[in-house]
Amino acid sequence: MAGKATYRAHANIAFLKYWGTRDASLNLPYTHSLSMTLSHAHTTTTVAWQEAPGQRDTIVINGQACTGSARARICAHLDRIRTGSARSLTAHVCSRNSFPTSAGIASSASGFCALTLAAHAALQGTVHERDIPALARLARLASGSACRSFHGGFVEWHAGRDHETSRPIQLHDASHWNLHDLVVVVSEEEKAVSSQNGHRLADSSPLLPTRVDYVNHNLADARQALRSHDLQLLGTIAETDAMLMHAVMLTSRPPLLYLNPASIRLMGMIQAWRRQEALPVYFTVDAGPNLHLLCEAATAAQVQDRLSRLEFVQQVIVNRPGPGPVRMAEHLIQQDFQDLDWTFPSAHREPDA
Ligand code: PMV
């Protein structure tokens, strides 16, 4: 019996980031990374398997048919999951993000986490707790940061030595610290180079070893800052690491320039708010121009108010620590593909189990 399942997974923002791979085929990073799962940035994905030899997978994301390299990446991941099934399975995938795709929130993390869980649940009927570590490793093969979205709250991705040991671990659940992450959208333009391709260029930067050293030397302090709710320490480490990651990007061959004038302007303002007014807010930024501002709950309204007065800010998405993935009862695909004889008349169907 082919099945259908829906999962929701939340995106995450890293304080110590993953940039560059020691082994690109396994997505083994150079360093450990630390992240917070985001409450208000999630992807919901339904996967319906159908026994339909020769049929192409159908993939719809945010209402649009997925094509080109994005489609190829998703199909390759579906292959990892259907491998081992004796049947000839076609996937129907429908996925929706709660946030604008180019908002500077890594949709690949929430997307590949939800896809992995929904595809596995649809195939096996359920996801057992004991399956989670293997599924997180599988998701890591598609997008490294996706493995961190398998847990809520605060998560460490252990770089590991090999496929088995490169895995995420929850450090604290979402109730540990009401840290806020304000995503400041200054541009919704699609980035020219995906992070998947960007990782491959990291080795060409002369600054890569410096950044790897920085992460290794600051990991224990970052863990301690998370444990003790020390925003000043965590924010300082996160801000420096984001700058170092962009220094690596800028000095890769060819160079990668993800920041734009609005990002730089906002970085300067945040540092000035801290220096001149002792406003405790720090920034980090992924492979794009949109900054993530880290602050305590008590400061969030004041920061939001300041952002609302900046003409170059298009949107602010306010996040708290979010939950791990959840299975949803409602599906984004309504059809039951076992009954679709009229659509695929030649498909061989096994009797229902
Ligand atoms: O998982 P990927 O391939 O989308 O890479 C994520 C890279 C960054 O977002 C820039 C950093 C991180 O650790 O999330």
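Q: How many salt bridges does the count come to?
A: In this predicted model, the count comes to 11 salt bridges.

Q: Which residue does Arg87 form a salt bridge with?
A: Arg87 pairs with Glu51, and their closest N and O atoms are 3.9 Å apart. The pair links distant parts of the chain, since Arg87 sits in the loop between helix H1 (68-82) and strand S7 (89-97), while Glu51 belongs to strand S4 (residues 33-51), 36 residues apart.

Q: OK, what about Glu156 and Arg223, where do they lie?
A: Their side chains meet in a salt bridge of 2.7 Å, N to O. Glu156 lies in strand S8 and Arg223 in helix H5 (residues 208-227), so this contact ties together parts that are 67 residues apart in sequence.

Q: Why does Glu156 count as buried?
A: Glu156 counts as buried because its relative accessible area is 1%, and buried means under 20%. Arg223, at 25% relative accessibility, counts as partly exposed.

Q: Switching topic, which residue does Glu164 bridge to?
A: Glu164 forms a salt bridge with Arg137, with the closest N and O atoms 3.4 Å apart. Glu164 is in the loop between strand S8 (154-158) and strand S9 (167-172), and Arg137 is in helix H3 (residues 132-142), 27 residues apart.

Q: Which residues are linked in a network?
A: Asp57, Asp79 and Arg82 are joined in a network of salt bridges.

Notes: Residues numbered from 1 in each chain as written. Predicted model: local features only at pLDDT ≥ 70, side-chain atom pairs only at ≥ 80, totals over all residues. Heavy atoms only, no water. Salt bridge = Lys/Arg side-chain N within 4 Å of Asp/Glu carboxyl O. Helix = DSSP H or I, 4+ residues; strand = E, 2+ residues; numbered from the N terminus. Buried < 20%, exposed > 50% of the residue type's maximum accessible area, 1.4 Å probe, protein only.
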